[in-house]
Each structure stands twice: as structure tokens, then as C-alpha cells.
Amino acid sequence: MKKPLVNSSDASRGAGLSRLSRVKSRMGKQYRKNRNYDTGAGQHKYVTTLSPWVSLRLLYEQEIINAALSAHKFCDAEKFIQEVFWRTYWKGWLEMRPMVWREFTRQRDAALADFRDDTEYLMAISGNTNIECFNEWVIDLKETGYLHNHARMWFASIWIFTLRLPWVLGADFFLQNLLDGDAASNTLSWRWVAGIQTPGKIYLARAENINKFTDGRHKPVGKLVSKGFAIDDSASFNAEPLQLMNKSLRGRRTLLIVTDNDLGIDTSYKTFGEIVGVVGLDTVQFRSPKGASQNVSNFVTSAVLNTIEEFSKKKSIPARFLSPNNWTLITDFARQLGAETCVALRTPIGPTRDVLGNINTFLKLSRTEFVEHTRIWDQVSWPHATKGYFKFKGVIPKVLSSLEQNL
Ligand SMILES: Cc1cc2nc3c(=O)[nH]c(=O)nc-3n(C[C@H](O)[C@H](O)[C@H](O)COP(=O)(O)OP(=O)(O)OC[C@H]3O[C@@H](n4cnc5c(N)ncnc54)[C@H](O)[C@@H]3O)c2cc1C
């Protein structure tokens with residue numbers, strides 16, 4: 001059994017910050033040169049493996065970039081900063097196209113039913129194909145909760161073009177098992193490999209490339225297809241306008257709802273009126289109809305619990321842990337505390353947002369106001385994610401300087 005990348009004792013902002021200070025030396029020239037090398041589970045030394053904390057927003061994009069710039073010149077850290085912005089870009093892109101997520105969940109649910117007893121699918125997710133490196137990545141993913149970015153690309157490509165399995169099932173398998181499972185980065189990266197995100201441009205894994213970037217550990221010669229195929233997914237979705245304005249909550253008694261999509265309340269609560277209580281909502285089991293792996297659930301649930309406990313102590317306010325569908329807990333708690341409004345950090349498109357949508361409907365019916373606050377980072381960055389990443393990349397310096405002025 002391989003060691004998980006993190007465990008429940010790492011599920012806090014403090015643990016994320018100490019990891020950040022340990023890996024900031026990796027964010028400069030070395031990252032630019034070597035980031036594509038996958039040195040294997042437990043051995044990653046060219047990438048940061050910060051994603052479990054970033055995806056829960058126990059670490060903020062801004063502070064990771066600041067850490068990079070405190071240790072390296074901008075020109076050396078630029079590549080790393082651009083990678084951090086990939087996540088922001090994907091989120092902004094999906095936020096403007098919620099139908100892409102809807103369509104993914106529709107296709108996924110249909111495929112999960114169709115492939116429930118499919119031998120090829122079952123062999124793939126149990127790591128029993130004739131492609132050794134693929135089998136190893138399945139085990140790494142399940143046991144450690146992490147795969148290097150290059151391995152994710154090879155994995156997705158082999159899944160789609162060599163094993164000829166539906167990309168939506170691969171994306172679902174990732175969401176069940178990745179500690180950093182994220183609706184935008186995951187769905188859109190799978191679409192990108194499949195040639196749907198950038199129509200006509202597929203990503204084909206090649207044995208020589210795998211051999212080179214795994215330092216010779218793997219050489220699947222003769223095992224991978226040499227040609228891909230186009231996937232018929234002609235649906236195109238126009239970008240919808242973003243609603244980014246925040247409502248002022250000054251002077252209001254508020255009940256804070258904290259979700260596993262953004263546990264970074266430390267830096268944001270000051271704009272939330274007078275917080276009289278905090279509710280932690282863990283939606284990890286909604287990442288897939290098949291739930292989330294034990295590793296992932298342990299980490300995420302502990303992170304939610306630790307966050308509300310710390311916040312409750314810091315602010316001397318009561319905290320409750322909310323199990324999904326027990327929405328009356330919110331209204332009862334709000335009433336008990338005399339809270340007029342429930343507030344949450346804006347949750348981007350994905351499973352947590354779907355759950356919050358249900359809460360919103362419930363609160364409306366119970367005549368309780370529910371307000372979401374969009375972070376300044378998202379407000380400033382997302383509107384630029386209208387086209388491809390190349391264009392987005394060009395505005396990063398402008399976005400960073402605008403964020404500095406707004407902080
Ligand atoms: C098929 C596929 C599925 C993916 N699924 C996810 C997912 O569910 N969740 C997720 O966070 N990332 C996903 N990624 C993106 C990327 O692989 C991970 O963010 C990265 O490997 C995380 O490891 P790290 O923290 O060591 O990254 P580093 O290279 O150290 O980068 C630092 C941070 O920058 C961000 N980042 C870096 N590269 C990317 C990228 N290509 N896309 C988006 N953000 C990036 C992450 O927040 C990361 O923590 C996926 C990529 C592919 C090809």
C-alpha cells in the first residue's frame with residue numbers, strides 16, 4: 001500500500017502554510033526546467049504538490065504567488081505563476097458556461113449506468129489493463145490521492161484513445177480519487193485531452209515521451225495507439241455574463257456557511273457583517289454519484305471540521321457541522337442566534353454549488369436571506385477567461401497589479 005500524499009492531520013491551513021514554506025524553493029528556474037518530469041509517487045521533487053490545500057482554498061492563489069516571488073525573480077517564477085493561474089482560468093471559463101458542467105453530469109450519469117458491468121471499464125479502474133504504467137497510475141491515484149500533471153495527461157489520453165472508454169467516466173474516476181478533485185480543472189482538462197475543449201486538437205500520449213519524462217521508469221512501446229480520433233461533441237455553449245457584485249452586509253447579524261470549496265474564511269470574514277455563528281458543510285460525497293474515496297473524504301471532512309472549530313474558537317461563536325440534506329439545521333441555528341442573513345463565499349460551478357443551490361431554494365422557502373460573496377481574486381480574474389488560455393496568460397501582470405491595489 002502506498003502512502004497517501006496527505007492524511008487528516010494535514011487537513012488545516014497551518015499544515016498547508018508549512019508545506020508552502022518548504023516548497024517555495026521549487027517555484028523558480030527549477031520548475032520552469034523540470035516540472036514535466038514525473039519522478040513517481042512519494043518522490044515528487046519538481047512540482048509542489050500543494051493542490052490538496054489550494055483546491056480547498058486552505059491556501060490562496062495570491063499567497064502561493066507571493067511565496068514564489070519572495071524566493072525568486074519574476075522572470076524565474078513566471079512559469080510557475082502561469083500554472084497557478086491555469087486553475088483560475090478554468091474556473092472563470094466554466095463559471096461563464098455552467099451548461100458545460102450540466103452536460104458533463106448528464107453524460108456521466110448515462111455512462112455510469114451503461115458501463116456498470118463493462119469489463120474494459122472495470123479492468124481499467126482496477127488497474128488490470130495490459131499497460132503497466134497505466135495500471136501503476138491507477139494504484140497511485142487510489143492509494144495516494146495524487147498524480148503528477150503529466151501522468152494525468154497520459155492517463156486521460158490512454159483512457160480515451162487506447163482503451164476507448166468514455167472521457168466522462170475517466171473524469172468521474174479522477175473526481176472520486178483526487179485529493180485536489182476540482183470540477184473546473186478536471187472536467188476541462190479531460191475535455192482538452194479529448195479534443196473537445198480545443199476542437200480538432202487532441203492530446204496523444206506517446207511511449208517515448210512517457211519514457212523520457214518518467215526518467216525511464218516506464219516504456220509502453222507498442223501498447224499505445226499512434227493515432228487518435230475526433231469525439232463527436234459538437235455542443236457549443238456561449239459565455240454567459242458573470243454576476244460578481246457583492247451585497248454589503250454591514251451591521252447585519254449573519255450566519256456563515258463554510259463549504260469544502262472555500263475554507264479560506266480567515267481572510268474574508270471581515271466583510272460578512274457581524275458573524276454570530278458558523279456552519280460547516282462538507283459536500284465531498286457529491287463529487288461523483290459513486291462518492292469519494294476514503295483518502296479524499298478523510299482529508300476533506302477533517303479540513304471542514306478543523307476550519308469551523310478554529311474559527312469558532314477565534315471568534316467565540318458557536319459552530320455546527322451540517323450533514324447534507326439536513327437543511328433545517330441552518331434555519332433552526334439562525335433563528336436560535338437571531339441571524340437575519342446566511343452568507344457563504346461564492347462557490348464556483350461544480351458539485352458543491354449544486355448542493356448550495358438546493359440550500360438556497362430551501363432558505364428562500366423558509367424566508368431566510370442567503371447571500372454569496374465573490375472573492376476579489378475571482379472578481380478580477382474570471383472576466384478575462386472568455387477565450388483561450390494564451391490570451392488569458394497575457395493579462396496576468398495586469399490582473400496581479402489590479403489585485404495588489406485591491407487588497
Ligand atoms: C486530466 C487532468 C485532470 C486534472 N484534474 C485536476 C483536478 O481535479 N484538480 C486540480 O486542482 N487540478 C487538476 N489538474 C491540473 C493539474 O494536473 C494539477 O493542478 C496539478 O498536477 C497539481 O499538482 P501540484 O500542486 O503539484 O502542481 P504544481 O505544478 O506545483 O502547481 C501549483 C498549483 O498550480 C495549479 N496548477 C498547476 N498546473 C495546473 C493545471 N494544468 N491546471 C489547473 N491548475 C494547475 C494547481 O492549483 C497547483 O496546486 C488536472 C490535469 C489533467 C491533465
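The ligand site

Reader: In which pocket does the ligand sit?
Author: This is a predicted model, in which local features need pLDDT of at least 70, side-chain atom pairs count only at pLDDT 80 or more, and totals for chains, interfaces and linings use all residues. Residues are numbered from 1 along each chain as its sequence is written, and side-chain values use heavy atoms, with hydrogens and water left out. A molecule sits in a pocket if more than half of its atoms lie within 2 Å of the pocket's grid points. A pocket is an open set of points on a 1 Å grid over the protein atoms alone, where a 1.4 Å probe fits, with protein on both sides within 12 Å along at least five of seven lines; the ligand sits in the largest pocket.

Reader: Why does the ligand lie between two domains?
Author: The domain bounds come from an automatic or database assignment. The ligand lies between the two because both give residues to the shell around it: domain 1 (8-95 + 382-406) and domain 2 (111-213).

Reader: Which backbone lies 3.1 Å from an oxygen atom of the ligand?
Author: A polar contact is a pair of N or O atoms within 3.5 Å. A polar backbone atom of Asp182 is 3.0 Å from a ligand oxygen, and one of Glu83 is 3.2 Å from a ligand nitrogen. The backbone N or O atom at 3.1 Å from a ligand oxygen belongs to Leu50.

Methods
A polar contact is a pair of N or O atoms within 3.5 Å; within protein, one must be able to donate a hydrogen and the other to accept it, and residues adjacent in sequence count only if both atoms are side-chain atoms. On a 1 Å grid over the protein atoms alone, a cavity is a set of points where a 1.4 Å probe fits but cannot get out, and a pocket is an open set with protein on both sides within 12 Å along at least five of seven lines; lining residues have an atom within 4 Å of a point.
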